[in-house]
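Keep the view open beside the text and follow along.

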Amino acid sequence: MNLLLSINGGQLSTEVEAGDTLLDALRGNGYTSVKDGCANGDCGTCAVLIDGRAVASCLVFAGQAEGHEITTIEGVTGADQAYHPLQQTMLDAGGVQCGYCIPAMILTAADLLERNPSPTRDHISSYLAGNLCRCTGYVKQIDAIEMAAAILRGDDDE
Amino acid sequence: MSEKFDVVGTSVHRVDGRALVTGKPVFVDDLPKRPGQLHIALLTSPHAHALIKSIDTTLAEQSPGVAIVLDHRNTPEKRYTTAGQGHPEPSPYDARMFDTKVRWVGDRVAAVAADSLEAARKAIDLIEVEYEILEPVLSIDEAVADNAPVIHDEEDSLDVWDAEHNIAAHVVANAGDIEKGFAESDITVDVTTETQYAQHAPLEPHVVSSYLDDNGRLVIVTSTQVPFHVRRIIGRLLDVPIHQIRVIKPRIGGGFGVKQEVLIEDLTALVTIRTGLPSQMIYTREEEFISSRTRHPMRIRVKLGAKADGTLHAVLMEVLSNTGAYGTHSLTVLSNVGSKTLPLYNKAPHLRFAGDAVYTNLPVGGAYRGYGATQGYFTLETAVDRLAGKLGVDPLEWRKQNHIREGEGSPIFAALGEGREGVEQTITSSALEECIRQGAERIGWTAKRGEKRQDGSWVHGVGMSIHMQGSGIPLIDMAAANIKMNDDGSFNLLVGATDLGTGSDTVLGQIAAEVLAVPLEKVVVLSSDTDVTPFDVGAYASSTTYVSGMATQRAAEAVRDQILEVASAMLGADATTLEIEDERVIAPDDRSVSLGDIAMRSFYNEDQHQIAATRSCVPDLSPPPFLASFCEVAVDTETGRIKVLDYVAAIDCGTAINPKLAEGQMEGAVANGIGYALFEEIIFDDLGRPKTPDFARYKIPGPLDLPHLETILVESYEPTGPMGAKSISEIGINAPIPTIANAVYDATGVWLTETPFTPEKVWKALQGD
């Protein structure tokens, strides 16, 4: 069946099978930043924003996403490939190792900072509980989210 | 002691950072698909031990979209090992692509390649297999029992130690006289520990694609730690000449040792050779847990003998390692249990190490970060705490009295290597004492150790342990680097070294940039394409920073010399008087030429030639990084639950080439080690079927499961390393088990001897069971 998906501010018309997940539809259309780490809703590497909320795209049928605004990391990266503060601070803090979990982690953090501009480290840990990373101990990723929160709050403006 | 550097020692962004944070298609499955690409699905054994009596693939072959079905009847019969090690691999040749016998639940039976994954999976369901079920061997004890079923009864396997008794590998090393040593000791302790099956669980599972290039050469794009070993092993297995194979490693989504295995490249390669079509295979998460590789579970006994003054006098270590259905890395992991641990306490003149790796009908052991040292340090470092307790001394003070120091050696270095005799060496750098001092201060050792602290049913304790590992495999590992200069004074650094997410491309780029006195962005790093980059054994054994780093430094120095020679002619000054600074070569009288002008002259004007050099490194030492690890735990005496409240790792890795990347290596290793200590475990039913094939049932640590991990980089300068560096990737994973166990003892007075330390086990131990 044909679906019209709103992705990163644009419209995508795509053919899907009834059982296809949003993950299938996104990867099949070149949104390969959305990773397929377990296809079971456990690892979090497939997270995207649906209407601003981080959701595991492997647990959503493609059809269910119609009529909602989907954001992937490509939609977070600015024009001219300018970094979102979270992308900048992930690199500044050393939060990126293999990078496989990073797009989903950044999207989840963006969702968190949207609803809580000043999260504590415990808040951040709780919000990232569904985003597994095997390379790091999460320390630097949490550092990065704190740093990005400060930038987004304008703390750096003096 | 340490030199002043400009690029080295700074936490510059990773060279692949932009691609990773913007989600560019850099992993194998993200790359553009080739037209006609086939997808491969696997049929695996439901039985732990069985003979395949018959297999009927007729319906599968006729199923829509199916291109080819592979099983033992139409694939090469030669024995090989999937262990991605140097030539000749020190692992038995006991496996076939597809065998007539299956040896664990998850062993290969058949594979289907079809035009879609769905079509391939449908065809898999149409394959009819008749098995003759054999009695399975499901534990170390069953493997070594009298009249145990023989798992490898085939005639054509090579280098199995004693197939009839299910022993894949056997190691013995002696120094002094162990019996005499214990007879002369005033105090002894004798400890036996058990460790469990665990899986690496990289977020990106194994994934490979293959195709034929325009000239009909086989191209394998694979998420591997060992591209050159893949090329060699696949070439031999499939009878394809090396020059007809190209292996490309793009970005990798984590490896931790499980991708030091030539696990599924053979399937895509053979499908592509037979059909002429591109093909791809991705392990599902379930296959990654069941049909991939694991950490060898072990039973280890350590007996220590000491003099009344505390001096260690005799050490016995006996190991039984479960290598599972095949002997991949069985010999070398077994050796490493002793070779990476026993030199740490070098005061004992009497040592004995003995071990067997036994076959069982359970998942296959492989390389896993720590590589045997993880299991060995559990036993050794908890035995040390028990010995200190018997001596009535602070375990921290006992360690300071007995650990190896700079300028000292150990008889174990020469007696025990990786699957063969080792290499004599003395420690050329160590800041271990300073690591112990800083770690103890940070955790509050003096105030907290031995103090009863209780909070309701929760009791608190602190523990510590110390560790060494290595930097590559001496006189075995080889790495090469090539650097060439471009028109604008930039450089291409080509390395066979394999960045699997560690940041080694960045670290090697920093070393080259430092020597050539240019910013990192002027060094364009390309790693691991067998057609393009020079050889490297790959990313394992904590080798890349030290071994590949030294090859890079040497190549950069050779290029620098060539640059100075050209500059000497341009400036009319002796080359030995010239210096490179800020991308210019400067003469003593301050006249200078830019690197770009030098490159342009050598390309287009005079004495035209390519400024470039290739250099290799085969280290004759393996300088160990040193670690002092501390933690504070709370133990709930009502439920047996352990909470790690605080964790400090003070590490000496020589110069930290990129401090944040070095810290990241330590934090990730400690996190994985805490998971292994507390909850990660593959659990089997009584037929040997894994019950934990997903992240819901095989839990890996999330952010809520970990305390704040603090890494203290304690600098030393390793004189044989690139810019004073040693490697750091593995050591951290060895520490959490003994550190936590020692802290639990401090809190409760109870010794834990079996991982993972689940609430149930801890509670039973608290009840005196």
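From the N terminus on, chain A runs β-β-α-β-β-β-α-α-α-α-α, which gives six helices and five strands. Helices (H or I, at least four residues) and strands (E, at least two) are DSSP runs, numbered from the N terminus. This is a predicted model, in which local features need pLDDT of at least 70 and side-chain atom pairs count only at pLDDT 80 or more, while totals for chains, interfaces and linings use all residues. Residues are numbered from 1 along each chain as its sequence is written, chains are lettered from A and ligands numbered from 1 in the order in which they are written.

The C-alpha trace of chain A spans about 50 × 30 × 25 Å along its principal axes. Of the 158 residues of chain A, 54% count as buried. Buried here means that 20 or more other C-beta atoms lie within 10 Å of a residue's own; 12 or fewer make it exposed, anything in between partly exposed, and C-beta atoms are placed from the backbone.

Now to where the chains meet. In chain B, 43 residues are in contact with 39 residues of chain A, a contact being two C-beta atoms, placed from the backbone, within 7 Å. On the chain B side, α1 (17–21) and α18 (659–678) each supply at least two residues, and α18(B) gives the largest share, nine residues. That side divides into 19 nonpolar, 15 polar and nine charged residues. Ala, Val, Leu, Ile, Met, Phe, Trp, Tyr, Cys and Pro count as nonpolar, Asp, Glu, Lys and Arg as charged, and the others, Gly among them, as polar.

Within chain B, look at helix α9 (residues 330–339). Ten of its ten residues are buried. They pack against β7 (167–175), β13 (298–306), β14 (312–324), β15 (350–359), α10 and α12 (411–415) of chain B. In the loop between β14 and α9 of chain B lies His329(B), which counts as buried because it has 36 C-beta neighbours inside 10 Å.

The backbone also deserves a look. Most residues other than glycine have a negative phi, and most peptide bonds are trans. The table lists the exceptions to look up.

| Site | Feature | Value |
|---|---|---|
| His87(B) to Pro88(B) | cis peptide bond | omega about -5° |
| Thr755(B) to Pro756(B) | cis peptide bond | omega near -10° |
| His329(B) | positive phi | near 60° |
| Glu583(B) | positive phi | about 65° |

Glu583(B) lies in the loop between β21 (579–581) and β22 (584–586) of chain B, and it counts as partly exposed because it has 17 C-beta neighbours inside 10 Å. Pro88(B) is placed in the loop between β3 (66–70) and β4 (101–102) of chain B.

Pro756(B) sits in the loop between α19 and α20 of chain B. Thr753(B) is found in the loop between α19 (736–748) and α20 (759–766) of chain B. Which residues does Thr753(B) touch, not counting those up to four places away in sequence? They are Thr192(B), Thr193(B) and Glu194(B). Thr753(B) and Thr192(B) are 561 residues apart in sequence and 6.9 Å apart in space, C-alpha to C-alpha.
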